[in-house]
Amino acid sequence: MSSTETTNKAPVISDKSTVKSNRDEPVLQVERRDFIDLVPEKRPRVQSLRGFDDCYTDIVDYIVRCTHKIWDERDVGLIYTHYTHNCVLYNALGTMYTREQVVQDTLQRLIAFPERRGMATQVIWNGNDVEGFYTSHLVTGSGRHTQYSHLGKPTNRTYVTRTVADCMIYENKIYREWVVSDNMSMMRQLGLDTDAVAYSMAKEQFDKGFRVTDIGENRRMLGQYPPEMECDISIAHTDTEEQCLRWLHEIYNRRMLGKIKEVYAPTVQWHGPLMKELYGQAAVIHQTLALIGMIPDGAWMPQHICSNPCDEGGTKVAIRWIMEGHHLGYGELGKPTGERLFVMGMSHYHIINGKIVDEWVVYDHLAMLAQIKLGQMEE
């Protein structure tokens, strides 16, 4: 999958005050509500949702309710009325191009993990029912591997992982979706051989004729110039979003990791891949270094950003991003191989008084390992 495939963005509303509905009643927020309050029975519609099913009262209700219906209530067939026939679903090691593929993939996952629960942690969104909505849905998933499946013999072990699904929605149907899951963490918790799983993933792609496309340089630096001082903020809609993009460009592309001490609160909580829960600026610096260090020539490129004022105070910001480069450094993937790597990532930030107090970031080491093995198969 090329980076150009991930640049599409939904038309958006520019004023973040639009989290107030057309009835001047707030759109639901996930963080402080129980599930039954997120899918209310008698709540009147508080947001204009032209073309949406009558049961949905706002866009957050839509995402949380239909996800529960499909995955927890087993109404898999709801996908036929909630996805377009030609929907495109991107993940870090492949792309689905039809609704029927989404149906089949959902069935296979339910077979493997019949006790799975996907709990909404956050939904950050923008858009409207005229131009289309964009949602970024952070899910904390838990379950147990009790059935024979694509992962082989059941281990009966439990797991907890994080996933972020970004959706573009128009009149009740998702027509484009990006999904990033912490699959390496899941495989380790299930006691599976991650090298074998990654090899199997790569072999499936290889047998279909897919190959790693190594385009060489990624344009983080133009020729012999240093990285750009200023980042492209054209995808931002608010001052907070612009500021956030500038911070991350400084950290990831200019390698100014001292910026973390300036923009992260001293008491920051970092919720990262491999289900790490870390605290403080030093931990954020180290984990950011861990990603950059594995891909030291990597270019960090934001693809979409949206934000909402938060009931807890401050603003929640969601960014979909990619990093492209080569496996030239040590880290979770072991000895450097030089293989080209494409990282699809999702980050959610809670910003209060100009400081990041919480960061949730999801990217998949298993997908990276599979990319390395796919590259090695060519060789």
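Leaving aside neighbours within four places in sequence, Gly-345 touches Val-180, Ile-319, Arg-320, Trp-321, Val-362 and Tyr-363, where contact means heavy atoms within 4.5 Å. The model is a predicted one, so local features need pLDDT of at least 70 and side-chain atom pairs count only at pLDDT 80 or more, while totals for chains, interfaces and linings use all residues. Residues are numbered from 1 along each chain as its sequence is written, and side-chain values use heavy atoms, with hydrogens and water left out.

Gly-345 sits in strand 11, residues 340-352 (strands are DSSP runs of E, at least two residues; helices are runs of H or I, at least four; both are numbered from the N terminus). Because its relative accessibility is 0%, Gly-345 counts as buried (under 20% relative accessible area, 1.4 Å probe, protein chains only). Trp-300 is 45 residues away from Gly-345 in sequence, with 9.9 Å between the C-alpha atoms.

Zooming out, the protein chain has ten helices and twelve strands, and 54% of its 379 residues are buried. Of the contacts between residues at least 6 apart in sequence, 64% link residues at least 24 apart. The C-alpha trace spans about 60 × 50 × 35 Å along its principal axes.

As for confidence, pLDDT (the predictor's per-residue confidence, from 0 to 100) averages 93 over the protein chain, and 94% of the residues score at least 70. Residues 1-18 are another matter: pLDDT stays under 50 there, and the model gives this stretch 53 contacts beyond four places in sequence.

Notes
Buried means under 20% relative accessible area, exposed over 50%, partly exposed in between (1.4 Å probe, protein chains only).
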